[in-house]
Amino acid sequence: MAVLDAELRAAGRPLARELGAVRDRVPCGVSVGIMSSIGELLDAVAGYVAAGYVRVKLKIEPGWDVEPVRAVRERFGDGLLLQVDANTAYTLADARHLARLDPFDLLLIEQPLDEEDLLGHAALAKLIRTPICLDESITSARVAVAAITLGACEIVNVKAGRVGGYLEARRIHDACAAHGVPVWCGGMLETGLGRAANVALAALPGFTLPGDTSASDRFYRTDLTAPFVLEDGHLPVPTGPGLGVEPRPDVFAEITTETAWIPV
């Protein structure tokens, strides 16, 4: 990514434009982890809704799924865009239990089964109404096409760090778009550098669902760049050359342990 950033900066071209972005801002969702109580969960969700996030994702696992989802839906109503992420916590034998999530009108259930179990996901898709989204299973555009062809998913989560970079991420976007499958941008705790690239990626036309592109203060007290700040539930797409953001020299000076020059 650093080499791509340098190349685009030298040419005066923004990453967003290079990738094929069509928006100048992207809607933002937030991921909420498993809490010690439903009350704590409701307080956390209330804070994110008040902050302006347009979509909430709840982490789920056996023993923490139906009741937390029910509580959030009842508290915040049908107008809240709500989805869940299982992180491979279930098996196909749990299909009947997962079907109990269907009445809550979720956008999707993310990665319910093992990442290698595409056939299991295809079978599960026939047993529940909630759309299945694959995350850990999707490691390349080729795998994405295979999963879609098998009927293992209706939606794909694209994480550039997981698939090997932003060029492969764009290939996955293009493959999904060709098959009429919507995608959204997942996060991996990026600093402002990676967040800038994710926002540029999320501005492509196939990214029709809010991503996990939360503001800087979701994870960092001090970011490596000027902070990304939520504006009406959206983040602006950087327009400068390359990533479009500048590292903060004062922050880097504080955290740098070694510097090396690489001859070219």
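Let's start with Asn 87: at 30% relative accessibility, this residue counts as partly exposed. For the terms, buried is under 20% relative accessible area, exposed is over 50%, and partly exposed is in between, with a 1.4 Å probe and protein chains only. Asn 87 lies in the loop between strand S4 (81-85) and helix H5 (95-98). Helices (H or I, at least four residues) and strands (E, at least two) are DSSP runs, numbered from the N terminus. Asn 87 is not a glycine, yet its phi is positive, about 50 degrees.

A word on the model. It is predicted, so local features need pLDDT of at least 70 and side-chain atom pairs count only at pLDDT 80 or more, while totals for chains, interfaces and linings use all residues. Residues are numbered from 1 along each chain as its sequence is written, and side-chain values use heavy atoms, with hydrogens and water left out.

Back to phi. Most residues other than glycine have a negative phi. Leu 189 also has a positive value, near 60 degrees. Leu 189 sits in the loop between S8 and H10. At 54% relative accessibility, Leu 189 counts as exposed.

Now the core. A nonpolar core is a set of buried Ala, Val, Leu, Ile, Met, Phe, Trp, Tyr and Cys residues joined through side-chain atoms within 4.5 Å. The largest one has 74 residues, and Leu 58, Val 69, Leu 101, Val 156 and Ile 172 touch the most other members. Helix H10 (residues 192-202) gives the most to this core: six residues. Another core, of five residues, lies apart from it and includes Leu 108, Cys 133, Ile 155 and Trp 184.

Stay with H10. Ten of its eleven residues are buried. Among them are Gly 192, Arg 195, Asn 198 and Leu 201. What covers them? The cover includes helix H2 (15-19), strand S1 (25-27), strand S7 (155-158), H9, strand S8 (183-185) and strand S9 (234-236).

On to H9, residues 166-178, which holds His 173. At 5% relative accessibility, His 173 counts as buried. Contact means heavy atoms within 4.5 Å. Leaving aside neighbours within four places in sequence, His 173 is in contact with Val 183, Leu 204, Pro 205, Gly 206 and Phe 207.

Next, the rings. Rings of Phe, Tyr and Trp (its six-membered ring) pair if their centres lie within 6.5 Å; planes under 30 degrees apart count as stacked, over 60 as edge-to-face and the rest as tilted. There are two aromatic pairs in the structure. Tyr 48 and Tyr 53 have ring centres 5.9 Å apart and planes at 80 degrees, so that pair is edge-to-face. Phe 219 and Tyr 220 are edge-to-face too, at 6.4 Å centre to centre and 65 degrees between the planes.

Last, cysteines. A disulfide is a pair of cysteine sulfur atoms within 2.5 Å. The whole structure has zero disulfides.
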